[in-house]
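Here are my notes on the model you sent over. Have it open next to you and follow along point by point.

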Amino acid sequence: MARFGRLAGIGAFALTISACSMGNMFGGGGSSSAQLQNASASQAEIAQASSNALPAIATECPPIKVRVGGEAIFKYASGKVGNPKDLSYQAVIEKQSRNCVVSNGKITIKMGVVGRLLLGPVGNVSSVDVPLRFAIERDGVPLFSEKYEIPVTITPPNQSEEFVKVVENVEIPYLGGEQITIWVGFDPRA
């Protein structure tokens, strides 16, 4: 019993000591002058502290979406738009993906597309430059927009060919709480 009493006493002492050291973790036991200094900060000091604060950390990668109307392009022979018999070729986006790394208040984005070029009934081309645009918007405001001409070669007797485009190391600042969207789509405009 004496041994049990001694162990219980040592355990209680250790618990008391550890409780004292935990006070700082939960806000107690700190410097009272620092707490009073923060309690009486002026609006200018609060604004200054907020501007020097690091931005919030992004918890997920922004979504990547295909622009409506940009999911496919069609090229017709002799300008006969809309007639399937006069289709020279079409290109479609099959998959899109992105990957993000967050560091020092920035999101670094790697984005990519897998697509396919298919010859139509009057298709006799062996090489086509497919116009593809990647863009990034924050709350509807463009941050990045770049058009790429992807060369696609079709070797007979093939009637279609897959193409891949990856864009890496696009950095955008992350402020926190904003709506960021990555867009991709064909852009045949000059």
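1. A word on what you're looking at. This is a predicted model, so local features need pLDDT of at least 70 and side-chain atom pairs count only at pLDDT 80 or more, while totals for chains, interfaces and linings use all residues. Residues are numbered from 1 along each chain as its sequence is written, and side-chain values use heavy atoms, with hydrogens and water left out.

2. Now the overall layout. The protein chain has 3 helices and 8 strands, and from the N terminus on they run α-α-α-β-β-β-β-β-β-β-β. Helices (H or I, at least four residues) and strands (E, at least two) are DSSP runs, numbered from the N terminus.

3. How much of the chain is tucked away? Of its 190 residues, 28% count as buried. Buried means under 20% relative accessible area, exposed over 50%, and partly exposed in between (1.4 Å probe, protein chains only). The accessible surface comes to about 12,700 Å², and 56% of that belongs to carbon and sulfur atoms. Those areas come from the Shrake-Rupley method with a 1.4 Å probe; for residues, only the protein chains shown count as cover.

4. Look at who touches whom along the chain. Take the contacts (heavy atoms within 4.5 Å) between residues at least 6 apart in sequence: 66% of them join residues at least 24 apart.

5. Back to Glu137, which is found in strand β5 (residues 127-138). Glu137 counts as buried because its relative accessibility is 18%. Setting aside neighbours within four places in sequence, Glu137 is in contact with Arg67, Pro142, Leu143, Gln179, Ile180, Thr181 and Trp183.

6. Strand β5 also belongs to a sheet. Four strands form an open sheet in the order β1-β8-β5-β6, with mixed pairing. β1 (64-66) and β6 (141-153) stand at the edges with a single partner strand each, so one side of each has no neighbour in the sheet. From one strand to the next, the twist averages 20°; angles run from 0 to 180 degrees between N-to-C directions, and axes are lines fitted to C-alpha atoms, for helices over the stretch in contact.

7. Val66 stands opposite Val184 in β8.

8. How many salt bridges does a search of the whole structure find? There are 7, where a salt bridge is a side-chain nitrogen of Lys or Arg within 4 Å of a carboxyl oxygen of Asp or Glu. In one of them, the side chains of Glu94 and Arg116 meet at 3.3 Å, N to O. Glu94 lies in strand β3 (residues 87-103) and Arg116 in strand β4 (residues 106-119), so this pair ties together parts that are 22 residues apart in sequence.

9. Arg116 has a further partner: its side chain and that of Glu162 meet in a salt bridge (3.9 Å, N to O). That pair links distant parts of the chain, with Glu162 in strand β7 and Arg116 in strand β4, 46 residues apart. Through shared partners, salt bridges join Glu94, Arg116 and Glu162 into one network. Are these residues buried or partly exposed? Glu94 is partly exposed at 39% relative accessibility, Arg116 is partly exposed at 22%, and Glu162 is partly exposed at 41%.

10. Another salt bridge to find is Lys106 with Glu171, where the closest N and O atoms are 3.7 Å apart. Lys106 lies in strand β4 and Glu171 in strand β7 (residues 160-173), so the pair ties together parts 65 residues apart in sequence.

11. Finally, check the loop between β7 and β8, where you'll find Tyr174. Tyr174 is buried, with a relative accessible area of 12%. Tyr174 and Arg138 are 36 residues apart in sequence and 9.5 Å apart in space, C-alpha to C-alpha.

Note on methods
Two strands pair if DSSP finds at least two bridges between them.
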